[in-house]
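Good morning, and thank you for joining this meeting. Please bring the model up on your screens, and I shall take you through its parts in turn.

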Amino acid sequence: MKTLNELRDQATHVILHVGDMIYDVRTKSKGFLRKRERKIDIIEDDIYIWSVIWFSHLEETYNNLEFMEEEGLKMSIIIGTIELHSIKHGE
């Protein structure tokens, strides 16, 4: 089992781009990364937020987040709850 520091280190190697597709394995929804915005946070200084356009072929509606904080998104990719399909294959 990996430590939190090892997971954080792996997350630093995840590169996200506008247009990348993500897949939420829990809700079976797909989304496209639409826009990355810098926000100021009192504790963390600068954080980055991705806006996501979600879609699903299922009739059930899920409440996938329209905005995702970048570090949390990267950690979700590392642990496997979100799959990344990059428009820049191999990055």
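Helices and strands here are DSSP runs, numbered from the N terminus: a helix is H or I over at least four residues, and a strand is E over at least two. This is a predicted model, in which local features need pLDDT of at least 70 and side-chain atom pairs count only at pLDDT 80 or more, while totals for chains, interfaces and linings use all residues. Residues are numbered from 1 along each chain as its sequence is written, and side-chain values use heavy atoms, with hydrogens and water left out.

Let me begin with helix α2. After α2 comes G80, which has a positive phi near 100°. At the N-terminal end, α2 is capped by E69, where a side-chain oxygen lies 3.1 Å from the backbone nitrogen of E71.

Which residues of helix α2 are buried? Buried means under 20% relative accessible area, exposed means over 50%, and partly exposed lies in between, using a 1.4 Å probe and protein chains only. In α2, which covers residues 70-79, the buried residues are E70, L73, K74, M75, S76 and I77. They pack against α1, β1, β2, β3, β4 (67-69) and β5 (82-85). As a general point, an α-helix has 3.6 residues a turn, so residues three or four places apart point the same way.

Consider L73, which belongs to helix α2. L73 counts as buried because its relative accessible area is 0%. Contact means heavy atoms within 4.5 Å. Not counting residues up to four places away in sequence, L73 touches L16, I22, L33, W50, M68 and I82. W50 is 23 residues from L73 along the chain, and their C-alpha atoms are separated by 8.7 Å.

I turn now to charged pairs. Side chains of opposite charge can pair when their charged atoms come close. A salt bridge is defined as a side-chain nitrogen of Lys or Arg within 4 Å of a carboxyl oxygen of Asp or Glu. How many salt bridges does this rule give? The count comes to 4.

One of them joins R36 and E70, with the closest N and O atoms 2.8 Å apart. Because R36 lies in strand β2 and E70 in helix α2, the pair ties together parts that are 34 residues apart in sequence. R36 is partly exposed, at a relative accessible area of 40%, whereas E70 is buried, at 7%.

A salt bridge also links the side chains of D24 and R26, at 2.9 Å from N to O. D24 counts as buried, at 3% relative accessibility, while R26 is exposed, with a relative accessible area of 58%. Another salt bridge is formed by K39 and E37, at 3.8 Å from N to O. Here K39 is partly exposed at 37%, and E37 is partly exposed at 27%.

D20 sits in the loop between α1 (4-11) and β1.

D20 does have polar partners. A polar contact is a pair of N or O atoms within 3.5 Å; within protein, one must be able to donate a hydrogen and the other to accept it, and residues adjacent in sequence count only if both atoms are side-chain atoms. The side chains of D20 and S86 make such a contact at 3.4 Å, and the D20 side chain reaches the backbone nitrogen of I87 at 2.8 Å. Leaving aside neighbours within four places in sequence, the residues in contact with D20 include I15, F32, L84 and H85.

Finally, the loop between β1 (21-24) and β2 (29-41) contains K28. Most residues other than glycine have a negative phi, and most peptide bonds are trans. K28 is not a glycine, although its phi is positive, at about 60°. K28 is partly exposed, with a relative accessible area of 42%. T27 is found in the loop between β1 and β2 as well, and T27 is buried at 12%. T27 and S56, 29 residues apart in sequence, lie 8.7 Å apart from C-alpha to C-alpha.
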